[in-house]
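Me: I have a model open and would like to go through it with you. Could we take it topic by topic?

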Amino acid sequence: MSDKQQNQEDKFLAPENRKHTVIGPEGEEIHVDPLNDYFCQDLPKVEAPYKGILEKFLNWARAESLWVLAFGTGCGSIELPPLFSPRFDAYRFGVAMRPTPRQSGVLIISGYLSVKTLKRVIRSYEQMQNPKYVIALGSCTINGGMYWDSYNTINRLDQYLPVDIYIAGYMPRPESILSGFNKLKERIKNGDAEGANDYAEKLDWYKANQKKIIKDWNMPSYNW
Amino acid sequence: MKEIIDHLKKRFPVYEIGEGPNGVILMSVEAAKLVPMLTSLKTNHGYGILVILSAVDWLEDCKFQLTYIINNPDEKRDLGIRVFIKREDAEMESIHSLWEHAATFQREIKEMFGINFPGSPRVDEPFLLEGWDNLPPMRRDFDTKQYSEDTYFPRPGRETNDPAEYMKQKLYPDE
Amino acid sequence: MSLKDTFSPFSAWRKVFEKPVTIKDPISERPGADRYRGFHKNDITSCIGCGTCETICENEAIDMVPVEGVETKDGDSGLRPRVDYGRCCWCGLCVDICTTGSLSLTNAYTWVEEDPEKYRYTPGVDEKPWDNEEKGWKKPEPNYEFYNLNRVTMEHLHPEERSDSFVEMVKGYSKEQAEKEADRCVECGICTATCPAHMGIPEYIKAIRNDDLEEGLRILYDTNPLPEICGRICTHKCETVCTLGQRGEALSIRWLKRYIADQNPSEKYKKILNSGFLKKNGKKIAIIGSGPSGLSAAHYLALMGYTCTIFEKLAKAGGMMRFGIPEYRLPYDQIDKDISYIESLGVDIKYNTTVGVDITLEELGEKHDAVFSGTGLHLGRSTRIEGSDHKNVYQSIDLLRDITLGKEVPLTEDIIVIGGGNVAMDITRSLARLQKQKYGKAGIIATSLETEDKMPADREEVLEAREEDATVNPGWAPQRIEIENDKIKGLHVAQCYSLFDDEGKFNPQCNMDNLQFFEGSMVVESIGQGMDLSYLSEDLKHELEIDKRGRIKVNENFQSGLPWLFLGGDIIQGPDVIHGIANGHKAAKGIDEFLFEKQKDTPKT
Amino acid sequence: MSNTNYSWKNNRSLFPEADETGKLVVDLDSQKYIKVWQGPNHPGVTGNMSLELTVSGDEVVEAKTHVGYLHRGFEKLFERRRYIQCFPTCIRMCVPEPDTNEYNLARGTELLGGIEVPEMANWLRMIALEMARLQVLLRMVPGQAGTMGLGLPSQWGLYYRELILDRFEELTGGRIYHMYILPGGVRGLLPAGFKKRLEENLVKIESFMKDVDRVIYANTVFKKRTKGIGIIPADWIDPYGVTGPVARAAGYERDVRKDYPYLYYDQLDFGVNVEHESDVFARFLVRRKDVDTTIDLLRQIMSKMPDKGDIKAETPNVLHWKIPRGETLVRCESSRGEYIFYLVADGSMYPRRINLRGPSYAHAVTLLEKLLINANISDVSSIMVSLATCPPEIER
């Protein structure tokens, strides 16, 4: 990263994330560089599959417990609560909602993403542990949908995050979403859902795209 | 209703008085007289609710219109007051001292139209946008489609034909 | 707070004993409701590719794309909608506005893909699992339309008022009516291709909506220099393909054109059309015949700077428009309005000059740089049945000409007209008017080979003729004219049940058991016209290629075998005003091209 | 200013001092306060918005709402859409209850364009609006208990809401986005047997509401956690533009259906549900009573509406419908309060300005920020839900 770029980022950096000095309880000065001290510096790695039956077993296990991050990013999130209600009961398919990214394996992008949300979504995605998958709901994630000419929503999600499954519909019904989960399971079992590895591999490309539109990037480049 | 209009006519330079299709009385007033007028309506005539504070960009006239719609809950009546201000360095007196939640409206208008309301709480903080570095988006000279195409670029692979043009190409290309 | 409040929540346990409400797996097969707005379906055979769905789509989700197996033809653009499910929001507005009713939404709703590029498809062409789904969103019923399917009624003079006078019977639209009618247009532009002159129909209708009639007139004159005339008597092929006609009544394109022309006063034409000063290029063109094609050619040539001279056989200009169409349909002052504008561009009309008699075609060719001939079809055709050589058997075309010229027309109290075309209706209605004027009542019967539903005349012409007390009795083949003591007694006819044989040749078949006799003392034949090419000398004819039907062969620029001779109008394309205008326009371009090439070839002196 | 639900007497020293302007001075470096972000990804936040809370212990000393995560620039998009094209867009301005958007925009367009709506269409609009209100309330009433960990009733509520959504699907062809009300009328008559099925659903919902009463209303924990929490003083109602159930819970008889009757609400017999305590519990109670009112209204509408009739008035061709120059204000009562559209037409095919002012615009920004001060951090989401915060209508 060039110095100029670094300065560019510093301009937006939140005050608490800038390098600063803290006075300790005994009066000693502690110099803090939050970006280095508080955040992990390791970049994501491509995880090679295990060999043979072990990988198959792991994939089966991964497919049958899809924990979804409860992050309603767009209007599609109105169909997520019914999915977990008694009528559609996604739990019986091994799909459950989790409140924090650290426990979740599936990120549902439920529709459009404004630039402001995209920033949070990227952060949430990067905080999630491997194996992780992204499901995109609705037209908006494919080619802008309803908001194709809006100044504040992205048009193509695949430019910013690796997407494993797209579900058509505006918004998709719970039944649709369930078949999306089934398809995702199939892909995982076949070992095709390699979104996370793709993200690790092409991290520079993704980051460049993300930074192009998030003009006040005030967080570490990659943080998990 | 007539009394209030007559009263206002006497005290303030109001013009363009007319009734909207939904029974809303709309009138225009000079920007300088707005706050005294709203104060008088609020304290003396029971117009205690600020329903909406909205801005309209009349690009062709080089003017911004600010519409204050206030409501009298006892008489169940709405009064719309329009103010026209110039588009260059647009600035308007803040009314957050009359209605506290006017600050939210003013903050949004500042961000979306670039009309400044000096003194309004948190008016300079971004409200809906983050890291915005272009024209205020609600101004009519900001082209949202162009911006979207340049920034978020649509998925390629689409092409369309105008039926009339296409038929010309196919049926009578040389005429 | 009471004890009850502490224990009451435990009643939730009651639910344990209730039947579960969970939908059993496989859950994704649950069908949507009958009206569900799911994925698109299109009946591509009834779709005409008008693109209205594309226009209304707020997300620009629909593209019009060419489809294999669908041909571009009159009334069908050959395009079909392709939907991008990266844009669609399933609001169903495209279905509601679909002019043909071919587009609908099914109640299928599950489509999962890994590849976002796959979400583009052409309904009805790309096979999808829901193609045979019957349920789903269709256009709501009843009385739910996004535009008016019915025309604004054009006011006519009442039959009683009009049946004895030659006053124009169609009143024309008022401003409100015209704007309301223009509002119906969906701006698809399918009509433009069908119009022989390819007029910018959606554009001038838009000008009416915007109340910018000057702009409208400019658009009209781009392709048609006779809007007053066309606005009244055009055969409006555009209206036959109008997409609104798929489910309702086609737009009254002709009347709207007339509205624009009527509302612009002729003295303003030059200013509006910006034709005050035309630079002359010094080249001279002769035009034979002042019919639509001749006038059209003269207009466009004059605009290009040529000096045009029209040679007209009769004392007035207009050709068939003036002498073949009765005044109640096309008033003479409207013809004069259009022609006087063309004359004001510097076009010279030499009246009472018959080419071939007063001046030969060869002479014209020598004196001018090029000659355009649009002499039209002015010879009547005879039925050649027994008795048709009687002196009281007339040709409609001759009678119509005489009516226009103000000559005394032979008239009796009972007349039989043979023919089912528009000209037959014109003469029937004209003679009925004259009869009313002379005898106080109409006694005229028109008969044709074609049955009522196959008559070539416009439907409204037939109905209006009946309103004016003329009898129209179609479906009879004339057999012979009964003559007694040298006077016509009537016409024997036999029922005609088929017009064409299996090979499609004209070969009327009659049922000789079903005969009828129409009484009458005068017969008018109106079964078609022929061309008079006597002005072409044998030498010239030799150099021209003439096909089997007697028509002279021309290239796409209407240039004949003689490079300096251009032909157009009825003699090339059959009787139709708008074709004549289109021919004239194209021939004008052809002449310009020809002379430009010629000038390039000749070395400058 | 002070809304002291909790006594600060014991640890007054922790509460920040106010400076001369009355603004609290919170010095984060003093280590007395922690800044907590609640949202946008947080189970206790309705929709996609965030609260920036500065807490001392578990008491909030400063709150800031951050919105804009759902900002799509609707009002800009309207500028380049024809009137009819605004409809699919406008319904997305409030996701849970889209019908009020449709109605307001259609009504505004009709008022400015001078269109008379057929009687049948107006009755059908009322059915749609009341069904929409019912389905939101079925989420919101049990959802209030969900904010304090009692998630079971909201799960039930979601199922009963599904029943109404099924009716919507049948009537309009869409589960969430109905696109039913368009300028000039509506998009379809009631399907055969609709009234019967809706009545069956209403009966089920009524019996469900009894369960809600047993499990939530008559629940010691719920009462303890909601009574006296989030009190809005009565004199805040007007200056903060508070409307709907929140104003009614403070003793104000405010209901657009009564005050500014639209459609045929003046022909129906219903009362305005009022409570006086103005706390979370009172707001819950108002909404709970609203469910009954809505069910009653639906029954009245079904019995009073005609069986058939025109569903749409004749409008100009929607592809180039020019609305004459004018301004209007349209309001209707949504489940959350007064829902207002301000329309400016400039005589072209495209609206000049359509401005939405939903109840959350007033409730969830200025009022919520003020209400959260002194509140316990565990009550934050409870207060937020009780104000019926709907972020998309703030951000648009």
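Me: How many helices and strands are there in chain C?

Reply: Chain C has 22 helices and 21 strands. Helices (H or I, at least four residues) and strands (E, at least two) are DSSP runs, numbered from the N terminus. Please note that this is a predicted model, in which local features need pLDDT of at least 70, side-chain atom pairs count only at pLDDT 80 or more, and totals for chains, interfaces and linings use all residues. Residues are numbered from 1 along each chain as its sequence is written, while chains are lettered from A and ligands numbered from 1 in the order in which they are written.

Me: What does the C-alpha trace of chain C span along its principal axes?

Reply: The spans are about 120 × 75 × 50 Å. Of the 605 residues in chain C, 49% are buried. A residue is buried if 20 or more other C-beta atoms lie within 10 Å of its own, exposed if 12 or fewer, and partly exposed in between, with C-beta atoms placed from the backbone.

Me: And in chain C, what share of the contacts between residues at least 6 apart in sequence join residues at least 24 apart?

Reply: That share is 72%. Two residues are in contact if their C-beta atoms, placed from the backbone, lie within 7 Å.

Me: Next, helix 18 of chain C. How many of its residues are buried?

Reply: In helix 18 of chain C, 13 of the 18 residues are buried, so this helix is largely enclosed by the rest of the structure. Helix 18 covers residues 422-439 and reaches 25 Å from its first C-alpha to its last, close to the 26 Å expected at 1.5 Å a residue. The expected span is 1.5 Å times one less than the number of residues.

Me: Which residues other than glycine have a positive phi?

Reply: Among them are C:Asp486, with phi of about 65 degrees, and D:Met179, with phi near 50 degrees. Most residues other than glycine have a negative phi, and most peptide bonds are trans.

Me: Where is C:Asp486, and is C:Asp486 buried or exposed?

Reply: C:Asp486 is in the loop between strand 16 (476-484) and strand 17 (487-500) of chain C. C:Asp486 counts as exposed because it has 8 C-beta neighbours inside 10 Å.

Me: Is D:Met179 buried or exposed?

Reply: D:Met179 is buried, since 23 other C-beta atoms lie within 10 Å. D:Met179 sits in the loop between helix 5 (152-172) and strand 4 (181-182) of chain D.

Me: Which peptide bonds are cis?

Reply: One of them runs from A:Asn130 to A:Pro131, with omega near -10 degrees. A:Pro131 is in the loop between helix 5 (115-127) and strand 6 (133-137) of chain A. A cis bond also joins A:Tyr170 and A:Met171, where omega is about -15 degrees. A:Met171 lies in the loop between strand 7 (165-167) and helix 7 (174-189) of chain A.

Me: Changing topic: how many residues do chain D and chain B give to their contact?

Reply: Chain D gives 34 residues and chain B gives 32. On the side of chain D that touches chain B, strand 6 of chain D gives the most, with five residues. The residues on that side of chain D divide into 15 nonpolar, eight polar and eleven charged. Ala, Val, Leu, Ile, Met, Phe, Trp, Tyr, Cys and Pro count as nonpolar, Asp, Glu, Lys and Arg as charged, and the others, Gly among them, as polar.

Me: How many residues of chain A are in contact with chain B?

Reply: 17 residues of chain A are in contact with 14 residues of chain B. The side of chain A that touches chain B has seven nonpolar, five polar and five charged residues.

Me: Finally, what does C:Arg30 touch?

Reply: C:Arg30 touches A:Glu175 and C:Ile23, not counting residues up to four places away in sequence. C:Arg30 lies in the loop between helix 1 (3-7) and strand 1 (40-42) of chain C. With 14 C-beta neighbours inside 10 Å, C:Arg30 counts as partly exposed.
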